[in-house]
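Me: Please take a close look at one part of this model, the place where the two chains meet. Follow it into the parts around it.

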Amino acid sequence: MGPQREEMLTGNMAAAWGARLARAEYVPAYPITPQTEIVETLAQWFADGTMQGKFVTMDSEHSMLTAAGAAAATGVRVFTATSSQGLLYAFEVLYTVAGWRVPLVLVNVSRALASPITLEPDHNDVLAARDAGFLQIHCETCQEVLDSILMAYKIAEDPRVLLPVIVNLDGYYLSFTREPVAIPSAEEAAAFLPPYEPHHAFFKASRPLAQGIAVLGGFIYSYFRYQEQLAARNALAVHDEVAAEFARRFGRSYGPVEAYRLEDAEYALVMSNAFATKGKAAVDLFRQRGERVGLLRLRLLRPFPHEAVQAALRGKRAVAVLDQNLSVGQGGITYQEVAAALYHEPSRPLLLSCIGGLGGKEISAGEFEEVLELMKEAAATGQVPGPQLLYTEGEQTQMAHLLDIAGKEWG
Amino acid sequence: MAIEHAYKKLKEISLEEFILPGTSTCGGCGGLEALRLAHKVLGKNVVFVNAAGCFTLLALFPFSPFKGSWLYTTMASAPAGAQGIRDALDLLIARGALSIEEDLQVIVLAGDGASYDIGLASTSGAIYRNLDFWYFCYDNEAYGNTGVQMSSATPYAARTTTTPAAVLTPEGTELPKKDLFEIWRAHCPPYLATVSPRHPLDLARKFEKAKAFKGPKLFIAYSPCPTGWHYDPGQTPEIARLAVETGLWALKEAVHGEVAHTYIPKKLKSVEEYLQAQGRFAHLFHPVRQEAALRKIREAITQYWAPYLRTMQNAK
């Protein structure tokens, strides 16, 4: 292990450090809350010579991601960041640059989507991009943000993968929260992540190349789309290789999922991102009074680690997927993915869907109690209710009061 | 940079072709001819950054008619793609990863729909940032690739599939063509010009002249479209000639914002000759002459040229 110094960093600062240690050479940017601190920090580092390359403020996220992809297609290592509406504004470009097979890293600082327009996080923004061809790593801590960015480049640039990666962190709860973060030295980071030297994507006079070219005919289109799928599935093994090397060099281990007190658990919560910390605290409280509860944190969302999820949840009586997102008219998004992963298990746990933490709404101790009660009840009756929308009595009282001020009735 | 070619005579235009035949564009495509001529001046070391439009289907896997490189981006963000490529080439050259001989001229290739409408913000951003790039807009005055719908480049009184000449809208398109030249000029780019494929020497001189400038070099190419404008493909040169001689398409340039016309017709031809040659204006003459609409078109031309023709007269 090399020398690593520890600093108190916000999630955003940790993301900026990730880009710096990865020696990202090109950063097209566009401000949006709560991501802005990342690009402010990088702008400063490029301006004072700490980072070498170019920082350019673009005219929109749509332009920003196009410039990012085009620069990566020319042969430089690219970093960029956005949030929420910005990610959606760039939406068609996500699919476009993934198809270019350019291994750039995009940090998304999660923030709930309009309408109503708001600032605090949930995961409808990043999960909307789940089919785009970007790999996705979702982080719980500031340390994990920095580490995941370094790992993301190494996974993305692997010739077996060559796909861009979104590294996700929660706005406010993580973006603006300081935690102690071990910062690898530049030398250690460089030893882990060699320079980006693409052989598949470049623009140069001596070797003309057409990239992003149109196709007509479903069989041609399907070929290239299947290539993306196969490359994304390759990323499962590549992730584990990269994580193993990262652990050897830096002493911190990351799996595609994280199992917390799951081994002997009868009941399990499934969560992701920063609120998993609240879930772990709830698990600790349950454990103190002898309840056998654990938590599975989803970290690698794309490619989805079916086998890791199956192995982690095997033998549980009931599992509640606590989604901080809402697929309107359906329910939780990761619930569907976990359900698909478990379907072929010979003995499946009962699987409940709970929606909580939308727009940064607190998930209280009482709500975790309720989720556990729902799991126990399901286990006792064999009956699984539809998606449960978590909301506390206190919140209901406050909301009724606000509705009253607005001249509206609860309903 | 010294000007290598004066382009006084047609034979000065290179015989070398950089766009090979057999493309999927329609016969008589004026835009492709303008691009072919421009490419002869630009030479082989180019990368086209394409926005969705007719020319997107020029490069169709696994074939490309271009000797140079190509990147299809999106409809709205080709200038941002140019930014990424230009910046990356500069970075690679600066750190010695790419030799200067490998450098490319970065050229946005976009139709009027992408240029006048959906991609305008991205273009504005690239010009504002003084990006060293070329912009080639092939302006066929409609969304041609999708079947000729109105764009903000469609001229007043042209019929398109979304601005039909009908009982309530007898003129067809009711709004005048957006003045993209002036919108771009407001950004004060080093070089900006309109060109026409029927004026190859004027076109070649402008591309040659633009080489001397670092920064945005922007071109709007008049692109007669037999398919969308309803005339025989063989008539493309004549339609293009009439557009200039009637004063509808002004050949001009702006160096650092200073406008100069590179060709001023001695006497403007009657615009009706131009209009009657194209099916998209047929409703102005049949079943009845739409006098008010024709007057409006004539007045717009007169109003545009008045100050310049006066200047000409004063100069004489």
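Reply: Two strands pair if DSSP finds at least two bridges between them. The model is predicted. In it, strand E9 (residues 210–211) of chain A and strand E2 (69–72) of chain B are joined by two bridges. The two strands run parallel. In this pairing, A:Ala210 stands opposite B:Trp70 in E2(B).

Now the contact between the chains. On the chain B side, 38 residues are in contact with 38 residues of chain A. Strand E2 (69–72), helix H2 (78–94) and helix H4 (120–128) of chain B each give two or more residues to the side that touches chain A. H2(B) supplies the largest share of that side, 10 residues. By class, the side of chain B that touches chain A has 18 nonpolar residues, 14 polar residues and six charged residues.

Next, the nonpolar core. The largest one has 226 residues. Domain 1 (4–250) and domain 2 (257–396) of chain A both contribute residues, so the core lies between them. In soluble globular proteins, nonpolar side chains tend to be buried together.

A:Val105 shows the packing in detail. Leaving out residues up to four places away in sequence, A:Val105 touches A:Phe79, A:Ile149, A:Ala152, A:Tyr153, A:Ala156, A:Val165 and A:Val167.

That leaves the two domains of chain A. Chain A is divided into domain 1 (4–250) and domain 2 (257–396). Their C-alpha centres lie 28 Å apart. The contact between them takes 27 residues from domain 1 and 21 residues from domain 2. On the domain 1 side, the elements that give two or more residues are helix H6 (124–128), strand E6 (135–138), strand E7 (165–170) and helix H9 (218–250) of chain A. H9(A) gives the most to that side, with five residues. The residues on the domain 1 side divide into 13 nonpolar, eight polar and six charged.

Methods: Residues numbered from 1 in each chain as written. Chains lettered and ligands numbered in written order. Predicted model: local features only at pLDDT ≥ 70, side-chain atom pairs only at ≥ 80, totals over all residues. Core = buried A, V, L, I, M, F, W, Y, C linked by C-beta atoms within 7 Å. Buried ≥ 20, exposed ≤ 12 C-beta atoms within 10 Å, placed from the backbone. Domains from an automatic or database assignment. Contact = placed C-beta atoms within 7 Å. Helix = DSSP H or I, 4+ residues; strand = E, 2+ residues; numbered from the N terminus. Nonpolar A, V, L, I, M, F, W, Y, C, P; charged D, E, K, R; others polar.
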